[in-house]
Amino acid sequence: MASATTNAMPVVTFCFALLLKMEVVKLRSSSGIAKLAGVSLCLAGVFAIAFYAGPALSPVNHHRAFAASHAPASTSSAPSRMTWIKGTFLIVLANMAWSLWIVLQGRLLKEYSNKMLVTVTQCAFSAGQSFVVAVAAERDFSKWSLRLDISLLAVLYTVIITCFE
């Protein structure tokens, strides 16, 4: 479900741009036909992913971290229908919000041409939102401390890759 809704983001972004009159589609021009063809192709891919009913694909990596996801699930640990509805609603809402931000960012950059300031502001708000979610998910601050294990290595790797990119 997540891959299908995420792959639909270009279509949602295009629709938001149309609604906000930032994009124009002229059906008689080749650019208008190309835009509609792109939207149609994107939606065809989304539907192919969403309605694919073939065999489940197992991961190539047989690491022990993935073993829990392939263990036979009991009826008590299986997600309920309400969980699927909430998850679907939240991922669609998140993708729509991200698409709207992409469209509004174009308008924002026309008014404030300082791309670095816009990027820093976005990162600051993202860090604030991530902090709120992290506090809601894990209220025990003792579990937030970094130890000399794989979690510290993951943080260092992210910092190094981000700095030298």
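Biologist: At roughly what angle do the axes of α2 and α3 cross?

Modeller: This is a predicted model. In it, the axes of α2 and α3 come within 9 Å. Their crossing is left-handed. The angle at which the two axes cross is roughly 140°.

Biologist: Which term describes how α2 and α3 are set to each other?

Modeller: Roughly antiparallel would need an angle over 145 degrees. The axes of α2 and α3 cross at roughly 140°. The two helices are therefore oblique to each other.

Biologist: Which residues of α3 make the contact with α2?

Modeller: The residues of this contact divide into six nonpolar, no polar and one charged. On the α2 side they are Pro10, Val11 and Phe14. Lys counts as charged, and Lys35 of α3 takes part in the contact. The α3 residues are Lys35, Val39, Cys42 and Leu43.

Biologist: How are α2 and α4 set to each other?

Modeller: The axes of α2 and α4 come within 9 Å and cross at roughly 50°. That angle makes α2 oblique to α4. As for the hand, α2 passes α4 in a crossing that is right-handed.

Biologist: How do the residues in the contact of α2 with α4 divide into nonpolar, polar and charged?

Modeller: From α2 come Met9, Val12, Thr13, Phe16 and Ala17. They meet Asn95, Met96, Trp98, Ser99, Leu100, Ile102 and Val103 in α4. The division is nine nonpolar, three polar and no charged.

Biologist: Is Asn95 buried or exposed?

Modeller: Asn95 is found in helix α4. Leaving aside neighbours within four places in sequence, Asn95 is in contact with Thr5, Thr6 and Met9. Buried means under 20% relative accessible area. At 12%, Asn95 is buried.

Biologist: Which helices do the buried residues of α2 pack against?

Modeller: Helix α2 covers residues 9-19. Its buried residues are Met9, Val11, Thr13, Phe14, Phe16 and Ala17. These pack against α1 (2-7), α3 (30-50) and α4.

Biologist: Is Lys21 buried or exposed?

Modeller: A residue counts as exposed over 50% relative accessible area. Lys21 has a relative accessible area of 74%, so it is exposed.

Biologist: What angle do α4 and α5 make where they pack?

Modeller: Helix α4 spans residues 81-111 and helix α5 spans residues 115-137. Their axes are 11 Å apart, and the angle is about 150°. That makes α4 roughly antiparallel to α5. The crossing is right-handed, and the angle asked for is about 150°.

Biologist: Which residues of α5 meet α4?

Modeller: The contact of α4 with α5 has five nonpolar, two polar and one charged among its residues. The α4 side gives Trp98, Trp101, Gln105, Leu108 and Leu109. In α5 they meet Lys115, Val118 and Gln122.

Biologist: How far apart are Phe131 and Trp144, centre to centre?

Modeller: The structure holds two aromatic pairs. Phe131 and Trp144 form an aromatic pair with 80° between the planes, which is edge-to-face. Centre to centre, the distance is 5.8 Å.

Biologist: How many residues apart in sequence are the parts that this pair ties together?

Modeller: Phe131 lies in helix α5, and Trp144 lies in the loop between α5 and α6 (150-163). Both residues are partly exposed, Phe131 at 46% relative accessibility and Trp144 with a relative accessible area of 34%. The pair therefore ties together parts that are 13 residues apart in sequence.

Biologist: Which residues form the aromatic cluster?

Modeller: Phe131 and Trp144, already named as an aromatic pair, belong to one cluster. Its members are Phe131, Phe141 and Trp144.

Biologist: What percentage of the residues in the chain count as buried?

Modeller: The chain has six helices and zero strands. Among contacts between residues at least 6 apart in sequence, 57% join residues at least 24 apart. Of the 165 residues, the share that counts as buried is 10%.

Notes:
Residues numbered from 1 in each chain as written. Predicted model: local features only at pLDDT ≥ 70, side-chain atom pairs only at ≥ 80, totals over all residues. Heavy atoms only, no water. Axes fitted to C-alpha atoms, helices over the stretch in contact; angles between N-to-C directions. Helix = DSSP H or I, 4+ residues; strand = E, 2+ residues; numbered from the N terminus. Parallel < 35°, antiparallel > 145°, perpendicular 65-115°, else oblique. Left-handed = near helix turned anticlockwise from the far one by under 90°. Contact = heavy atoms within 4.5 Å. Buried < 20%, exposed > 50% of the residue type's maximum accessible area, 1.4 Å probe, protein only. Phe/Tyr/Trp six-rings, centres within 6.5 Å; stacked < 30°, edge-to-face > 60°.
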